[in-house]
Amino acid sequence: MSRLGWEDVRSALDARPAARVSAEVGRRAAVSLVLRDGPSGIELLFIRRADHPEDPWSGQMAFPGGRAEPGDTDLRATAVRETEEEIGIDLAREADYLGALDEVRAMARLRPVDLAITPFVFRLRREVVLSPNDEVRSVHWIPLDELAREERRSVLDYPHQGSTLQFPCLRVEDVVIWGLTYRMFVGLQERFPAGDEGPGLPPPR
């Protein structure tokens, strides 16, 4: 990905419509993949969710977003609203919309959830000041080329019912990206032609 420019990103997202989850789901949500120009090329924003006993994704790396509400005009509006609530960025004013990725069926604690999530991709026009709310423990900007490096590929040991399951993940210093967020990032990476995005990632589970 490090060799890609903004026109490449836009073209990749425009190449085909985002696919929707085929199964019936009762609820939908949206997240924002926020990109910016950084010192080492294009960077992607991640949040670490605050610890909360009732949150199935408590403490995990994520993209800002949340469930659709009746006042949202569409799922893109959901992503914009939730991003402003969680980290203080008004994407409608501060960013260009680049496109949507394939919808993802949510999983929590290894079980399917009656929820489908649509990722929307944005490019910040300028530097912004982040204001995380109490749902966000920390915010991380990570270069796309760093995420594509072979040495960032790893596995996560997940204890489950007396055994240990392994899931593909990316490790960048103290950041571990796995699960739903990993699947969404793979959805972005798969949009680019082979050879442009660096080494391939192991398949998501």
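These notes go through a predicted model, element by element.

1. **Confidence.** The protein chain has a mean pLDDT of 89. Of its residues, 90% reach 70 or more. Among the elements, helix H2 (residues 75–87) has the highest mean, 98. Strand E6 has the lowest, 87. One stretch needs care in reading: over residues 196–201 the pLDDT is below 50. Beyond near neighbours in sequence, that stretch still has 22 contacts in the model.

2. **Helix H1.** H1 covers residues 6–14. Which of its residues are buried? They are Trp-6, Val-9, Ala-12 and Leu-13. Viewed down the helix axis, the buried residues fall within an arc of 125 degrees, so they line one face of H1. The background is simple: an α-helix has 3.6 residues a turn, so residues three or four places apart point the same way. On the other side of H1, Glu-7 and Asp-14 are exposed.

3. **Strand E7 and its partners.** Of the 14 residues of E7, 10 are buried, so the strand is largely enclosed by the rest of the structure. E7 pairs with E1 in the parallel sense, over 9 bridges. In that pairing, Ala-29 has Ile-117 of E7 as its bridge partner. E5 and E7 run antiparallel and are joined by 5 bridges. There, Ala-95 stands opposite Leu-124. E6 (residues 104–108) also pairs with E7 in the antiparallel sense, over 4 bridges. Met-107 has Pro-112 of E7 as its bridge partner.

4. **Val-31.** This residue lies in strand E1. Is Val-31 buried or exposed? Its relative accessibility is 8%, so Val-31 counts as buried, the cut-off being under 20%. The C-alpha atoms of Val-31 and Pro-119 are separated by 4.9 Å. Along the chain, these two residues are 88 residues apart. Leaving out residues up to four places away in sequence, Val-31 touches Phe-63, Pro-64, Gly-65, Ala-79, Ile-117, Thr-118, Pro-119, Phe-120 and Met-184. Met-184 is one of the buried residues of H5.

5. **His-140.** His-140 sits in strand E8 (residues 136–143). Its relative accessible area is 16%, so His-140 is buried. Its side chain makes a polar contact of 2.8 Å with the side chain of Ser-138. Leaving out residues up to four places away in sequence, His-140 touches Leu-44, Leu-45, Phe-46, Arg-48, Met-61 and Val-175. Val-175 lies in E11 and stands opposite Val-172.

6. **The three-strand sheet.** An open sheet of 3 strands has the order E9-E10-E11, with antiparallel pairing. Which are its edge strands? They are E9 (153–160) and E11 (175–178), and each pairs on one side only. From one strand to the next, the twist averages 50 degrees.

7. **Pairing and turns in that sheet.** E9 and E10 run antiparallel and are joined by 8 bridges. Asp-157 stands opposite Gln-166 in E10. Their hairpin has 2 residues between the strands, and Gln-161 takes a positive phi near 50 degrees. E10 (residues 163–172) and E11 pair over 4 bridges, again in the antiparallel sense. Arg-171 has Val-176 of E11 as its bridge partner. The hairpin of E10 and E11 also has 2 residues between the strands. In this hairpin, Glu-173 takes a positive phi near 55 degrees.

8. **Helix H5.** H5 packs on the sheet, touching E10 and E11. Its direction makes about 75 degrees with that of E11. How many of the 11 residues of H5 are buried? The count is 9, so H5 (residues 179–189) is largely enclosed by the rest of the structure. The buried residues are Gly-179, Leu-180, Thr-181, Tyr-182, Met-184, Phe-185, Val-186, Leu-188 and Gln-189.

Methods: Residues numbered from 1 in each chain as written. Predicted model: local features only at pLDDT ≥ 70, side-chain atom pairs only at ≥ 80, totals over all residues. Heavy atoms only, no water. Buried < 20%, exposed > 50% of the residue type's maximum accessible area, 1.4 Å probe, protein only. Arc of directions from axis to C-beta. Contact = heavy atoms within 4.5 Å. Pairing = 2+ DSSP bridges. Axes fitted to C-alpha atoms, helices over the stretch in contact; angles between N-to-C directions. Polar contact = N/O pair within 3.5 Å; in protein donor to acceptor, adjacent residues only side chain to side chain. pLDDT = per-residue confidence, 0-100.
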